[in-house]
Structure formats: structure tokens, C-alpha cells
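Please read the following briefing alongside the sequence and the 3D structure.

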Amino acid sequence: MTQGPTTMDQANAPAARTRISIGPLLYYWPRRTVIEFYARIAESPADTVTLGEIVCSRRHELKRDDWVALARDLAACGKEVVLGTQALLESEADLREMRALTAQDEFLVEAGDSSALRTLAGQRFVLGPHVNVYSRPALEEYAALGAVRWVPPVELDLGAIACIDPADERVRGGPAGDVPIEPEIFAFGRLPLAFSARCFTARHYRLKKDECGFRCIEHPDGLRLDTGEGEAFLTLNGIQTQSAALHCLITQRDAVLDAGIGRIRLSPCASHFDTVVERFDAVYNGGADPHDALEALRELPLPGELVDGFARRAPGLQEIDT
Amino acid sequence: MNAPRDTMRKPELVCPAGSLRALTLAVDAGADAVYLGLKDATNARNFAGLNFDLAQMRRGIDYAHARGRKVLMALNTYADARDPARWWRAVDTAAELGADALICADVAVLGYAHRTHPQLRLHLSVQASATTYEAIEFHRERYAIQRAVLPRVLTLSQVAHLARHTRAEVEVFGFGSLCVMVEGRCALSSYATGQSPNTAGVCSPPSAVRWEETGDGVQARLNGVLIDHYAPDEPRGYPTLCKGRFHVEGQRDYALEEPTSLNTLAILPQLFDIGVAAIKIEGRQRSPAYVEQVTRVWRAAIDDCAAKRERFSVQPQWVAALGRWSEGQQHTLGAYDRPWR
């Protein structure tokens, strides 16, 4: 670390921009809706966009070539584009699809599981949130493979992230081991909590997984699961289980920055997502008041309550403390 | 790759030991190997009153080794960001005490064990969520794992395909409680209680469970969240989060999974054909009596299958014995034949 005469200048310099990253679309939307959604993202303050179907290999509104075409369009609009690999691979067909993504070198790839890591070794890549990294030595293992960015598991708190990959002593990755690995925190959206071989949406409709009728498409924010007392608890999204509440780190801005985190991931929802992106950008990069922004978000018809427990080392469902 | 597999070899029977008593009973009942963990968050069954301190572990290893059996140590949670060294100490302990293998999920732990104790045999835990041969080979090439325990989400044909394409031995679950989620990738418990299998070695921890009598039965809550409501005449289960009854579009149901037990006795000949190296019984949190009786049944079944593969059939007394220990009193082949597919 540089000490001495420059300290004053650094203190007065404007803080570095917090990069806004749009996480992969976790739901199954009609093709036209997806195209229109990303057309709006192209105009948004987002810096990075992760594309691809990472939840279910049966979904086919967009095929790999369509995602790549979309990636080129977004890149032409100045966005950094990352392609995500599927989180749960089971069949040889799943592996072929994953290899097709990791073999291309036009876009950075986000590894969804350790199968992808084997094929990505030696390249620059992003560690997705479903690759388990809970300590600095674990991050160092993946850094040695070529990781340049890291999306921590959603249950990891800010203190742990700061402990693993602090701003002043980043783990170094990349093919030459000289790239400081940046953490990118899951900062908005229903939390992806679990994966199963079983499709819960199909189960709900008493359908077989292989004859599911693609009923996911009827639920643009997933299918809500309530407790026996009518409290929204979880969300069924095919083989993925999410929280019903939306994780939201808008009031955690200072804690996020203090933890040395310079990238925030916003996970798409079906309505008012443009406003969400603008509010986060205004708070993280425009000096807007976080609590005013929270109130503004709460007034939107978002699909669930806003929570932030995981960031505070508390149960994930804990509401934002205001 | 397509490594030739010894399909004539009898799979090892790997049994759970939550205590020294369970360990001795499992060994006496015919387990080829037992697996156990230390009394802390370094293993995925971190429950009060369970697991081994150093003296107990030493005695357990002596007992098993004196009878030609193996002891596998589960060190299958993820090293904590704030104190990873505790996991290294557990690795050192396993090596010093002479454990026959370590069962690990975290690449940090695998990396430490592989570099510090290269002679120590490593098994990839189910908690590593390695669902493909690419994932298993990744761990084999980097950390020299010699065996992988497969997640309970693969069908029998997927297990066979995977086994043909990896040089690591394959271990599968044969009996016990069923995880419907991919192990090592489930933060449901963390979401509700702040404690999860990956971080604390627990799922739906007893400390978060509350039973409340109401006018029309009993409510089971997990950190306040209503997981299930049992009518007075209904059998009550432990409120594991994914096995609760919830409402989806106005319909009350086991929306994720019914409380059932995995039992693969019926497909034992196919598991032999695939060449699985070991069959694992789940349940370090279960009683020594469970361990003894389940081990006895599986010992008989594996020996029977080895002796007369073509004519193997599941004996009614085995089914009856295992039925007594099944969660929800129901047996299923789980993902292996995937009725929901």
C-alpha cells in the first residue's frame, strides 16, 4: 500500500464507481420479453451483464446462439458481457452445452459448477455464486486456475467477504496470477437458495419433469410458496428454490464499500427492474440517500418484501433494519 | 478414459458412526468401513451429543483396525473465512490418528490435505456437489481424490455413465434420509435460521425448532417459520425445512419433498454391475440401534448379491427390518429411478 503524501489526494478524490452488474435471468420468459428486457438494459447504467440459461436445460425460448447474438448486441452498446454456465449439470447433453460456452473466447464465462472449472482452467473466468468459496485459501485455489472475479455464495456475510478478499490485499488470479480478484456481491433479487434434480414447478402441477409443459413460463417471478399461516416464504422456479423475499443491499451501501466490494449484482425481476437499477446506481454512484431509495423501492409493486439478513451474518429472511 | 471397472468386486459397506457405541456396533454387524466426525463444525452432522473427541476417535480407530475395518473421517464442511486453520488442525488430527481416508468437500481443505499429507487417502464428499465426471475428474486431477461420493440426485443410468468416465472410485448412497436438494448447494436452512450445512454443519438445527400445541394439533416451527401443522392423529416428523407442508396457489402439500427414506436394496445387482466401490448408509445422527440393524441387513444383502447375482432378490425380513427405521415409514429409490421424471 502506498502511504504518505498521496493520502490527502486519495481522500479528496471521488470514490471509484461501483460497477453495476446484471445477474443472469433466472426465470423463463417468452423470447420477446427477454429481448425487450435486454434492450432496456442496454440503455441502463449497468456496466456488466451476465447472460445465458443457468437454471434448466429444458428451457428453450433462447438457444445458445440467441444468447451469443444478444451478447454481441449488448457488447456493441458498451456493456461488458459474461456468459453463465448451468449450475446443475447431469447429462452428457448438459456437459456438451457447458463445453460449447467455455470453448469460446469472445466473452468471459461465469463458472456454474466444478465441471466448468475443469474446462476453464488456464483461462480468465468468473466464479459464479454456486461454486462454494467460504475462505481465502479456497479462493486462492480457484485463483490458481485463472479466476479474475468472484461472486460469493449468497449466504456469505460482508465481514467474511472482507476477510477473504480485502481491497488492500486482493487474492491474485488470472492465467498469469497477476489479476486482483474482485468480489461481486449479490445485492438485489430473490435469493437463489437451492437446486434439485427434481422440478418443483412440475411437481406442483402434477406433471413429470420431462413432460412439464414449460409451465415456468406462466410465472415470470417464479411460483410463490407460503407457510400454513399465509406468509410468503420461498419461491419455486423449476429445479431452483429461491427466497420469496428480495435480498436488497441498498441501505448497506457504506458497509458494502467498507468491505472493499466494488461490484454489485442485481438479479432480474419481471417488473420495475429498470427503476431498481437506476435507484442502485443513484445510491452507489450518485450520492443519493439510501433510506429514501429504500422507501422508493418499497413503493414499487415488487414481487416480495425486502430483506438483507445474509449481509449481516443473520438469517437471510431478516428484514432490513431501518 | 473409460477405465475398466471391477464389477465382480463386492462394494464396501460404509456405515455411519455418530458415537463410539454406534461404531463398535457397526463393525460387529459387518461394516467394511465406518465414517465419523469430530465434535465441531468441521463435519456436516454437527449436533449436540454426537461425534468424537480425540480419545474416542483413537479408541474407535483401534477397535475398527483390530478387526480389519476402515475408519473414514468426515471433514466435509467449508473452512470458515475467519478461522480456516481449525480445518487444517482436523486434517492433521486425522493423519496423526491413522484415519484410512478423509471425506472432504472444500477445495481449501483438499488442497491442504493433499500438500501436507500426500499419503493420506482423500474421498470427495457428497457436499462437494460433484454431479458429473468432469467435476469428479477436476478434483481427482488437482487433489488426487481416490473416491467420489455421488449426490443423491442422479439416476441409475447417469451413475453408470459417470462411473464409466472417471478414474475415481464411485460411492453411492444406499439407505437413509433423503436430501431432495443437491448437497452442498442448499442455503434453505441458512435462510431461515442463519445456520446451514456448508457453514455450520447443520440443517434445520434443533436449537431453532419450536413445537407449539394448538387447539387442533401441533405446530412445528423453525426460527418462527411455520414448517408443518400436525393434526392430533397425525404422526409427527422432525421439521426439516424442505419436508414441510406449504401452500402454493392455495394448495396445501409437501411442496418440495415428502418425508421418505432412500432404500436401494432392490437395485443392488445393478450397483454391482456398474462397479460402484462402496455403498453408504446415511445417519450419523441416528441411534446406535439403527446403525446396528441397518448394517446387519445391508451386510446380508451385499453378501447375498455377491454369492448369487442373477438370483438375488430382496428378502421380506430385510424390508421389515429397514421399514422400522425409515423416515415417514416409506421407502423410495429416490432419484435412481426418478418416478417424477
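Strand E10 (residues 223-226) of chain A and strand E12 (residues 246-248) of chain B run antiparallel and are joined by two bridges, where strands are DSSP runs of E with at least two residues, helices are runs of H or I with at least four residues, and both are numbered from the N terminus. Strands are said to pair if DSSP finds at least two bridges between them. This is a predicted model, in which local features need pLDDT of at least 70 and side-chain atom pairs count only at pLDDT 80 or more, while totals for chains, interfaces and linings use all residues. Residues are numbered from 1 along each chain as its sequence is written, and chains are lettered from A and ligands numbered from 1 in the order in which they are written.

**Strands around the chain A to chain B pairing**

- A:Asp226 has B:His247 as its bridge partner in E12(B), and A:Asp226 also stands opposite A:Ala232 in E11(A).
- E10(A) and E11(A) run antiparallel and are joined by four bridges; their hairpin has five residues between the strands, and A:Gly230 takes a positive phi near 80 degrees there.
- E11(A) is likewise joined by four bridges to strand E12 (residues 240-248) of chain A, again antiparallel, with A:Gln242 as the bridge partner of A:Thr235.
- The hairpin of E11(A) and E12(A) has two residues between the strands, and A:Gly238 takes a positive phi near 70 degrees in it.
- Strand E11 (residues 232-237) of chain A is mostly covered, with five of its six residues buried; a residue is buried if 20 or more other C-beta atoms lie within 10 Å of its own, exposed if 12 or fewer, and partly exposed in between, the C-beta atoms being placed from the backbone.

**Interface between the chains**

- The interface brings 52 residues of chain A into contact with 52 residues of chain B, two residues being in contact if their C-beta atoms, placed from the backbone, lie within 7 Å.
- On the side of chain A that touches chain B there are 24 nonpolar, 14 polar and 14 charged residues, where Ala, Val, Leu, Ile, Met, Phe, Trp, Tyr, Cys and Pro count as nonpolar, Asp, Glu, Lys and Arg as charged, and the others, Gly among them, as polar.

**Chain A as a whole**

- Chain A holds eleven helices and 14 strands, and its C-alpha trace spans about 70 × 45 × 35 Å along its principal axes.
- Of the 322 residues in chain A, 56% are buried.
- Among the contacts in chain A with a separation of 6 or more, 67% are between residues 24 or more positions apart.

**Helix H6 of chain A**

- Eight of the eight residues of helix H6 (residues 136-143) of chain A are buried, so this helix is largely enclosed by the rest of the structure.
- The cover over the buried residues of H6(A) includes strand E5 (125-127), strand E6 (147-150), helix H7 (158-164) and strand E7 (172-173) of chain A, together with helix H4 (107-116) of chain B.

**Domains of chain B**

- Chain B is divided into domain 1 (12-178 + 260-336) and domain 2 (198-253), with bounds that come from an automatic or database domain assignment.
- The C-alpha centres of domain 1 of chain B and domain 2 of chain B lie 28 Å apart, and the contact takes ten residues from domain 1 of chain B and seven residues from domain 2 of chain B.
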